[in-house]
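User: Hi! I am new to protein models and would like to learn how to read one. Could you take me through it step by step?

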Amino acid sequence: MSNPELDGMGPGERGRDAVTGAADVVSEAQRNERDQAREAVRPPGRPSGRRRGRRGGEPTRVPDADFRTYHGRPVLNGVVWEARDIGGYLFLGGLAGASSVLAAGAEVHGRADLARPLKYTALVAVSGSLVALVHDLGRPERFLNMLRVFKPTSPMSVGSWLLAGYGPLAGTAAVTAATGWFPRIGTAATMGAGVLGPLVATYTAPLICDTAVPAWHEGHREMPYVFASSAVAAAGGVGLVATPTGHAGPFRRAAVGGALTELAVSTFMEKRMGLVGEPYGRGLAGALTRTAKTLTLAGAVGAVLGRRNRVVSALSGAALVGGSALTRLGVFQAGVQSAEDPKYTVVPQRERLRQRA
């Protein structure tokens, strides 16, 4: 069956218009002008619709198309991870690692009373992180299968081994603190968990940045610092909730420092990323990010102003924990949104090609 709009055109031209979707991209007026130009340059006796050579024919280039893709499909495959599982996994892993670092610091200074609640927090958080990861994987044996090899170039492989080594240490530190048994073993476990804590708190950043998702990959320079500072703010917030104000000075300083660093680095990251950073300010990701920054800033201010008020200090700590959780969820959702919109993939690619030319 012939198409009336394409009759009178050569096979090559019909094929070009069919592939490029010229009916959608080229206006009716542009098609009429193109046909008139074709007739004006056609020599006598040459059948209408025949293409001339490259040197004498009409321009073969049509106007640049927009960002519609083949059959309306995204350029990238969508993110298949569940926000509840992976968002929780990102947040709880960071909270666990930072809590172990602060607990080890308190232990070194002989403040077992300050270290104890953070040891409990680390155990609960890493357990929840593992549960969320396994739930997303679908079957527990899939996590065990990742331990069959150790691949230093794979963030997932490194992270799996980190969790496998960190989890027992955090558990031992918490159990010995609760029971009072084997204090030396408990101290050693606390120190070991404190050494691995920074890696546990930050390895999830390269894990998501080592993908083709634009809003994650383009932030690979700052994302580890965002995750680390957010984790410290959350762990410091737990310390503010669980510790009397007269003894919470170290946790207050950690919470405020982590919160301010997170706000500064995350804002810088979004600005530096330019177009690809747009998802952090739009849609659901934008709402989560703005709420996270509001809670984080409010928690930092409350931690300073309420240093002598137990209720204000505890509320500030809770705000910091909530802000850290929403930061991770905002990062996750921004990646989902950037993968769904082709322009966040196409425009940076074109810009890189232009710079190389």
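Analyst: Happy to! Let us start with pLDDT, which is the predictor's confidence in each residue, from 0 to 100. This is a predicted model, where local features need pLDDT of at least 70 and side-chain atom pairs count only at pLDDT 80 or more, while totals for chains, interfaces and linings use all residues. Residues are numbered from 1 along each chain as its sequence is written, and side-chain values use heavy atoms, with hydrogens and water left out.

User: What is the average pLDDT here, and where does pLDDT stay under 50?

Analyst: The average is 84, and 80% of the residues score at least 70. A contact means heavy atoms within 4.5 Å. Over residues 1-26 pLDDT stays under 50, and the model has 33 contacts beyond four places in sequence for them. Residues 49-56 also stay under 50, with 13 such contacts.

User: How many helices and strands are there?

Analyst: Helices (H or I, at least four residues) and strands (E, at least two) are DSSP runs, numbered from the N terminus. This protein has 15 helices and zero strands. Of its contacts with a separation of 6 or more, 74% join residues 24 or more positions apart.

User: How do I read the length of a helix, say α8?

Analyst: Compare its reach with the expected span, which is 1.5 Å times one less than its number of residues. Helix α8 (residues 183-202) has 20 residues and reaches 29 Å from first C-alpha to last, close to the expected 28 Å. Helix α13 (residues 283-305), with 23 residues, reaches 33 Å, close to the 33 Å expected.

User: Where is the kink in α8?

Analyst: A bend at a residue is the angle between axes fitted to the seven residues ending there and the seven starting there. In α8, a kink of about 40° lies at L196, shortly before the proline P198.

User: What share of the protein is buried?

Analyst: Buried means under 20% relative accessible area, exposed over 50%, and partly exposed in between (1.4 Å probe, protein chains only). Buried residues make up 44% of the 357 residues. In α8 they include G186, A189, G192 and G197, and their cover includes α4, α5, α7, α9 and α11. In α13 they include A285, L288, T289 and A303, and the buried residues of this helix pack against α11, α12 and α14.

User: Which residues have the most contacts inside the largest nonpolar core?

Analyst: A nonpolar core is a set of buried Ala, Val, Leu, Ile, Met, Phe, Trp, Tyr and Cys residues joined through side-chain atoms within 4.5 Å. The largest one has 56 residues, and those with the most contacts inside it are Y89, L163, Y166, M223, F227 and Y280. Helix α4 (residues 83-108) gives the largest share, ten residues. A second, separate core of nine residues includes A233, L240, V256 and A300.

User: Is Y89 buried or exposed?

Analyst: Y89, in helix α4, has a relative accessible area of 2%, so Y89 is buried. Leaving aside neighbours within four places in sequence, its contacts include S129, L133, L163 and Y203. Y89 and V134 are 45 residues apart in sequence, yet 9.7 Å apart in space, C-alpha to C-alpha.

User: And why does E270 count as buried?

Analyst: E270 counts as buried because its relative accessible area is 17%. E270 sits in helix α12 and touches G277, Y280, T289 and K293, not counting residues up to four places away in sequence.
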